[in-house]
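Q: I would like to take a close look at a single part of this model, and then to see how the rest is arranged around that view. Please go through it slowly.

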Amino acid sequence: MGLIELAAAKALASSAVFLFITLLMMASAKRISTCIVLFSIQSAIMAAEILAIAYASKSIEAYAVASLVITVKVIAIPWLLFRIIKSLKASQDVAASTTGAQSVFIMAGLILLSFFAVAPYAKTLRLDEDLLAAAIALLLAGAFLMISRKKALMQVIGLLVLENGIFVAVLATTYSMPLVIEIGIFFDLLMGVFLMGLFVFRIRDTFEHLDVSKLRRLRG
Amino acid sequence: MMQIAFNSFLAALLMIPAITLLCRRDSRVRALPSWLLLLTLLAGTIVAGFSFWRGGRLALDLSWVTPFPFALTVDRLSAFFLLLICVVGAPVVLFSTAYVERHYSPTKADWLWVLLPLFLLSMVLVVIASTAFAFLFGWELMTLFSAALILIDGDSERRRHNIFIYLMMMHASAAAVIASFFLFLPNASTLDFTSMRAAVAAMPMGLRSAIFLMSFVGFGTKAGIVPFHLWLPKAHPIAPSPVSALMSAVMLKTAIYGFVRFTFDFLGGGPAWWGYLVLLAGAVTGLLGILYALTEHDMKRLLAYSSVENIGIIYLGLGAALVLMANNSPAWATAALVAALLHALNHSLFKSLLFLGAGAISEATHTVDIEFMGGLLKRMKITGIVFLIGCCSIIGLPLLNGFVSEWVILRAFIAGSELTSLSCAILLPLMAGVLALIGGIAVAVFAKLYGVAFLGRPRSLQAEEATEVATAMQVAMALLAASCVIIGILPGIVLNPLTALASDLMHTAALPEAALSIAHTLPWVAVCIAVLIIVIAGFRRITRITATWACGLPALNGRMQYSSAAFSKPLRTVFSRVYEADRTVDVHYAQQPYFAKSITYRSVRTTSFEKSLYRPAVDMIVSLATRLRKLQTGNMQVYLLYIFLALVALLLWMRFA
Amino acid sequence: MNLAINLIQALLLIAIAPLVSGVIARMKARIQNRHGASLWRPYADLLKLFRKQDLIPNTASVLFRFAPTILFAATAAAAAFVPMLHPAALFGVSGDIILLVYLLAIGRFFLMLGAMDGGSSFGGLGASREALVSALAEAPLLLALISVAILSHTVSLSGIVLTTVQQGPLHLSAVYAFALGALVLIAIAETGRIPVDNPSTHLELTMIHEAMVLEYSGPSLALIEWASAIKLTLIMAMLAGIFAPWGMATSASIAALLLAPLALIFKLTVLAVSIAVIESSIAKLRIYLIPDFLGMASALAILAVAFTALMR
Amino acid sequence: MSLVLLLLVPFLTALIVLTCKQSRRAVAVAISAGALEIAAIANAMWRIRSVGVLQFGRYLRADGLTAFFLLNIGVILALVLVYSVGYLRHIPLGRFSSPRWFYSLTFLFVFTMIAVYLSANLGMLWICVESTTLASALLVGFYNTKGAVEAGWKYLVVCTVGIAFALFGTIALYLAAVKSGVDPASALDWAVLMNAAPSLTATSNLIKLSFVFIAVGYGTKIGFVPMHSWLPDAHAEAPTPISAMLSAVLLNCALYALLRFDTITSHAIGSGFSHSLLLIFGCLSVAVAALLMVVQRDLKRLLAYSSIEHMGIVAIGVGLGGPLALFGALLHTFNHSVAKSLMFFTAGYVRENFSTLRMRRIHGMARLLPWTSAGMVVGGIAIAGLPPFGLFISEFMILTAAFGTSRYFIAILLMLAISVVFGALLHHVQRMLAGKPVDLPVAKPKLLPTDFAVMGVCAVFLIVLGVHIPGAFANILQSALVVLK
């Protein structure tokens, strides 16, 4: 067993932990830009995993997917978000509705919950347990961020985290889905973020603020 | 032959609206649709009569058109109610021909002539349907069309409120009816009447009772039994008079039809408590109905309440039938059923007569408030006389149709004393007392109505200037009055076919001969009284017209007569518990405290049911809704939270279920 | 033969009605230590009235004229139901209590209308009070009759009488007591005697019947008076027939036929006396106490019906 | 090939129409393209009828179910296009809000929805559903008013989140399939999964998990309570033709996706689980929506909630299972989309004339806009589920099924809810129709012949389906049922 295999195996084994760390940091982050950076790190970790898998299972598709992840999630989307931030010239605060400490604790709780949740399946499916857990954790974390952060951009980031979660789930299957589908999903994602960016601008223009919790004209 | 007539009858009812819309432009043929409708109804009368007296069956199956089986069958029961519809419908249409053109602008008239046939058609559908789908189809349309007809008279705030209540309660009743049909489902493969009939045998008693209760509530609401009567006095009076006539006289009867269909035809009777329930409902409805009528001085609302009362009487008959059946005295049960059905027919005859009369009066005096009438008999002879006949029939005076049905019901009650079960033997005869009490109060009510509206001095200018209405109207009313008299003197003509009908509904051989003995007596009594009257009237009398004695004071005026409120006061005090009226007396003084400039007395009676039953229900729904509304906060993050929670909840459910 | 007897007794009732009221009046007078008018006075009155001319109020309509006729006709027809000399009656078997009660209602209804047609306030006053009484009296009357009908398993008056005759006084069930009580009270109310109404007063505060007939005069008034006399007699005869029918001619033998009228006269006299006694010993009730009076009657009637079932 | 055509036409139209500067040309192009598309749909349906299943490559597939929903979208598309001819007169010109943008986005929207119907692969199905959101979000925010932007934003985010869950569900299903030995390459193909379904029982837990996520995900898009929150906003703020599209086609679109998954799940682990889930959502939606309709103040929000209610009814129909209930449910989707479009069209006229949708500011419609009122009455009676209109039939079927399987609780709840809905509609509509006319803020624009045509066609559809289900239509429904069997 060569060194690289070892590295790959290590990467796979420990990547979940890295993901959790990014999540906790996101929970405690105060500035949007921090979250964006964390997001791209998160994506990078995923890319690393995929590369590892690709190397392990020698599948070209996996390499393609990895490159996609790097281009779209690690580079394109963060860049797009930074552009938006710059041109918005709005304050960088994430406007959390929970204090940092609370957020971190909740996040930790969600991570534990996810382990509890996947337990039954991991057994039956002979899956890498902590990856699946990480997937769920990312899902929950994304939802949590969207619910607890009032800034429109944070919603976007939360959504991205959430989708990362789904993506990790795909990884957990250790089989890659048909390439077309993957590409389609990525494309959709990109479009989605782009659109949301568009709406962020519109919101800024029509409401002079970006606090989505203040968008409450339509109710009942 | 009859089959063809039957089909063309239905087709015609369907076509006439189209014809109306075609004819509206041309003034020469504007009247065509109404006369066509009249002819159609006469044809219908013949068809129904054939099937009612001869017992012939007619059938029409349209299932090939519709997604669900849609079959129409005329057996004796359906024929009876079809006859009822046509017999009442024809005079009403005749009346309308004159009424409409005086009251409505051409457009409104067109609306009426479009809607009226459809309304009739929907009622016909209900009574001749032989599948659940057809029945419900007609049932729902009946409500919609009647509401549309009510709207012709205008859409003021109050009217709309009443219509709203009407439609809501009808929708609820329809739901109950639908339920009572569908409860047959697992046992009856398809919802056509024959298979439903067949399925009952296999059903457990609980299910049957559920069906019975559902149909009791559903049809009861349509029929207007207390406490589901709320809509009736609100909806009937505000319709155009011919329509009120149809609603009160015919539409209510479709509910009776449905109830009879279910309880007697499908379920074939049940345990005694069904009967007790129906009896109770009948008694309460009858009493409260007539007591509420006593306080009214809006003529049409009074008549509406008296419809409630008569429905109560019909339910008394039905209840008696159920109880007697349950205590295996089938012959008398049949008699009671006959009585109930006969009263349904009678009520539709005299009630339509009275509502048409009310229409004629409101046309002559431009009011329906009897306090502003008076002395109309001198000014509108024919109307006055036929209206009198209507009043006499509705309070069940002998030699008129109302008496016959009440007589048979009373006989059935008395026959109840023969039953072995003690409770029945006590209860049924006492019910006769209830019926008598209802009758007694009815006498007071209609003495008041007729006395105040038609007799004495005119109580207002418009009453003084009232003139007789158009001939068509008079003829229409006269026809109804005549039928009242004929049935009253020769009840045999309807009693015998009804007996046949009832006995093959109940699968009983023959009626106790005593049950119909009245049919033999009445003609003789009629002859005897007629002779006496002729003899006495034969005497030569010298008469002189003088002024009414005014205790030596200068001439009296209309305001000095007993008003309708004054007339009913003694009885109202006796039953003051029922009314819980909230009265207001405000006096404006010229000089405190002696010289009152004006005294106004207002007594508003909102039925306690409205306060204690319906208001709370509505309020509950609305408050629940407003509370739910708060959940839609407008904050997107909360929305996300909902999704999130839904997901978590489902995951847990999945885990532990 | 039967038919003949029936016709006779129907006509007899109509004929003697005024006499009965005359007797009552005489009795009252005697009790009040007055000499009183002759027994035949009512006939004289009727005759006089029939000769007079009929004054019609200018507001009145055709109904005002015909109400008395119909009233009389209906009451007379009702008279044909009541067995007096012989259990069987005209409309024999099927001439039943229900029809009887409702026939009386006809007259009452038209009298009310006639009163309201007069166009004065008295008519309405009388009519509304009459409405009160009749509305509350109808139920107990019917119930009381039904209770005896139940005992004799028939609704025809003759049938009821016949069974009582055959039972004999000692075997009567207790139901009769209740029924009798109820019927007596109702009879008083129906015929407008004290304490419910006072036929010999014209006081606005109290009068019922008199207020209704205030506008009538001449033949019309005669018919009304006669009709109410018939009603009174009819109800007395009915009481006698139901509760003490003994002495009626059950067979068509000469002896029986001779005995029957004597028995009838005896019974009617007894009843007349008792009415007279009541009328002169009790004070009239306030209008608003009449419902209680009739309530008592209803209670008795209900008990009567209930006991028919309980005591079988 | 015909499938490609189906997709190509709207896609190209979306591009071409952008080039037409003046609106008349844009309208012309749009109408003709619409005609073309409808022809294509007809052709495709005909082919499906003859062949049974159309397959193009690995990713495009059309069977009976597709055919039925294609019919639905075709009819509504036609109605909406004709309606917009009259409607476009009133589009306030803005940066993006011009007829050509409107048409371009609309056709993009149509393109994505048709893609949903045609996708053979569940992954692609997901992609298309998500892209419907993206395409329509801009349309919802079309007017760029505060309300529009807010609604658009909420719509976009909420739906994307929901759909994300659906993706997770899809993957879980994929995982399950692969785990139980389906070839990974084709483990998302519907046909393959259908064949393999019986052998998936081994991983029943995972399948349940997947269906929960699917139900929540696509349920968000269908508008099941409690995921419905985006729906009233979007429906109320979108341009009227789009509101019609959203509630008449988009909801069905998501429903279609759910149906596909439901079928697989039922085949794999028995219908018990998925159907009870659907029943829960159905009952919730019906009850809540019915109550909320009572207290609405905005006409289009009212209609939106009624859409939720009807989707609930459909869900109940599907959840009850059995041929009759399913037939009823599918029929109900069609009836509902026609009736609801009619209602939205009338709502459009109301806004044009009263320039508000606050129902308490609207009086005397019956006198001011007799024809619009007539349309509203017809539509109202129809969506209240009364004869002689189609929804009565479909609700009758669903109720029949409910009682037939003696699920009394659901049946009674359904009937109660329908009564409440009736009350709410009656209460609101009568207040708008009657009363004395308000003086209109804008000069009353008269209805074009096209408007009459649209309303007339809707009414005719409803009445015909109310008394008689044409044979051809019945066949289409039957073949759709066959797919779901």
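How many bridges join β4(B) to strand β5 of chain B, and do the two run parallel or antiparallel?

A: In this predicted model, strand β4 of chain B covers residues 582-591, while strand β5 of chain B covers residues 595-604. The two strands run antiparallel and are joined by 9 bridges, and they form a hairpin with 3 residues between them. Strand β4(B) is hardly covered, since the count of buried residues among its 10 residues is 0; here a residue is called buried if 20 or more other C-beta atoms lie within 10 Å of its own.

By contrast, no contact joins chain A and chain C, whose closest C-alpha atoms lie 57 Å apart, and none joins chain C and chain D, where the closest C-alpha atoms are 42 Å apart.

Chain D itself has 19 helices and 2 strands. Its radius of gyration is 21 Å, close to the 23 Å that the globule rule gives for 485 residues, so chain D is as compact as a globular protein of that length. Buried residues make up 67% of the 485 residues in chain D, and its C-alpha trace spans about 70 × 55 × 45 Å along the principal axes.

Methods
Residues are numbered from 1 along each chain as its sequence is written. Chains are lettered from A and ligands numbered from 1 in the order in which they are written. This is a predicted model: local features need pLDDT of at least 70, side-chain atom pairs count only at pLDDT 80 or more; totals for chains, interfaces and linings use all residues. Helices (H or I, at least four residues) and strands (E, at least two) are DSSP runs, numbered from the N terminus. The radius of gyration is taken over C-alpha atoms; the globule rule is 2.2 Å times the number of residues to the power 0.38. A residue is buried if 20 or more other C-beta atoms lie within 10 Å of its own, exposed if 12 or fewer, and partly exposed in between; C-beta atoms are placed from the backbone. Two residues are in contact if their C-beta atoms, placed from the backbone, lie within 7 Å. Two strands pair if DSSP finds at least two bridges between them.
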